[in-house]
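The entries are in the order in which I looked things up.

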Amino acid sequence: MATNDPKAPATAADGLGPIVSAAHLADGALPALSEVEFGLNLVGHAFDRWMIRCMTAAGEPGLTATEVNVLHSVTHRGRAKRLADICLVLGIEDTHLATYAIRKLEARGLVSREKSGKERLISVTARGEAACRRYKDLRERLLVAGAQDLGISPEAMSSVARLMRVLSGHYDQAARTAASL
C-alpha cells in the first residue's frame, strides 16, 4: 500500500519497483536482494566517509577507512592483536592492506608492534587510545543521537546486523564458488 509519508521509503506499491542500482540484476528470482545490495553499497560508502571524517574531527586527519577500522580493532578490549586476527575479524583478505595500515598507524604513533616469538603483536598506544576516545565521544554526539531519533529499537538493529553477518557468509561462499569456475 502506498503511503503519503514523504519520509517513507519508495516501494513497489508506489509504482517505482525495487530501488536498485542495476535493474538487470534485480530482474531475477529475488529482486529484494538487489535492493539490499544497493543499500549495502550506499551504507558502505557513507560509513567509510563517516569514519574518515569523524577521525579527522577527532584530531587524526589523513587516515583511510581501513586504517580507522584497524585502529579500532587493535584498541578493542585492550589486548595486543596478531595481524592474522585483525584480518580475520575485519574480513580483510589481502594482508598487505592491513600491514600497510598498521605501518601507517605506527608511524603516526597510534599503534606499536612488538615481537612475541615468531610473531609480531600490534598494540594501541596512549595516543591511539586517546584518538579512539575522542572518536567515540564524537560518535555519541553526532551519530548515535540521530540514530536513536529514528525510533528503531535496539533489537531491530541487532536483527539487521545479524542478517548482514549471515549474508556476508553467503557472499563469501558464492565468491569461493565463483573463483573455482
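**Ground rules.** I am working on a predicted model, where local features need pLDDT of at least 70, side-chain atom pairs count only at pLDDT 80 or more, and totals for chains, interfaces and linings use all residues. I number residues from 1 along each chain as its sequence is written, and side-chain values use heavy atoms, with hydrogens and water left out.

**Whole chain.** I listed 7 helices and 3 strands; helices (H or I, at least four residues) and strands (E, at least two) are DSSP runs, numbered from the N terminus. Along the sequence I read the pattern α-α-α-β-α-α-β-β-α-α. The C-alpha atoms fill a box of roughly 60 × 45 × 30 Å along the principal axes. I then looked up burial, where buried means under 20% relative accessible area, exposed over 50%, and partly exposed in between (1.4 Å probe, protein chains only). Of the 181 residues in the protein, 24% are buried. For contacts I used heavy atoms within 4.5 Å. Among contacts with a separation of 6 or more, 47% are between residues 24 or more positions apart.

**Strand pair.** I checked E2 (residues 111-116) against E3 (residues 119-124) and found them antiparallel, joined by 6 bridges. The pairing rule is that DSSP finds at least two bridges between two strands. Lys115 stands opposite Arg120 in E3. The hairpin of E2 and E3 has 2 residues between the strands, and Gly117 takes a positive phi near 70° there.

**Largest pocket.** I looked for pockets on a 1 Å grid over the protein atoms alone: a pocket is an open set of points where a 1.4 Å probe fits, with protein on both sides within 12 Å along at least five of seven lines, and lining residues have an atom within 4 Å of a point. Grid points are joined across faces, edges and corners, and a volume is the space filled by probe spheres set on the points. The largest pocket holds about 2300 Å³ of space. It is lined by 47 residues, and the closest to its centre are Leu40, Val43, Gly44, Phe47 and Met164. Two or more lining residues come from each of helix H2 (31-57), helix H3 (65-75), strand E1 (81-82), helix H4 (83-90), helix H6 (126-149) and helix H7 (154-179). H7 gives the largest share of this lining, 13 residues. I sorted the lining by class, with Ala, Val, Leu, Ile, Met, Phe, Trp, Tyr, Cys and Pro as nonpolar, Asp, Glu, Lys and Arg as charged, and the others, Gly among them, as polar. The count for the largest pocket is 27 nonpolar, 11 polar and 9 charged residues.

**Second largest pocket.** I noted a volume of about 170 Å³ for the second largest pocket. Val36, Gly39, Leu40, Val43, Val160, Leu163, Met164 and Leu167 line it. The elements that give two or more residues to this lining are H2 and H7. By class, the lining has 7 nonpolar, 1 polar and no charged residues.

**Glu60.** I found Glu60 in the loop between H2 and H3. Is Glu60 buried or exposed? Glu60 is buried, with a relative accessible area of 2%. I next looked up polar contacts, meaning a pair of N or O atoms within 3.5 Å; within protein, one must be able to donate a hydrogen and the other to accept it, and residues adjacent in sequence count only if both atoms are side-chain atoms. The Glu60 side chain makes one with the side chain of Arg108 (3.0 Å) and one with the side chain of Arg127 (3.0 Å). Not counting residues up to four places away in sequence, Glu60 touches Met55, Arg108, Leu110, Arg127, Ala131 and Arg134.

**H3 and Ala65.** I recorded H3 as mostly covered, with 8 of its 11 residues buried. These are Ala65, Glu67, Val68, Val70, Leu71, Ser73, Val74 and Thr75. Ala65 counts as buried at 10% relative accessibility. Leaving aside neighbours within four places in sequence, Ala65 is in contact with Asp48, Met51 and Ile52. The C-alpha atoms of Ala65 and Trp50 are separated by 8.6 Å, with the two residues 15 apart along the chain.

**Arg77.** I went on to Arg77, which follows H3 and is found in the loop between H3 and E1. Its phi is near 65°, a positive value in a residue other than glycine. Arg77 counts as exposed, at 62% relative accessibility.
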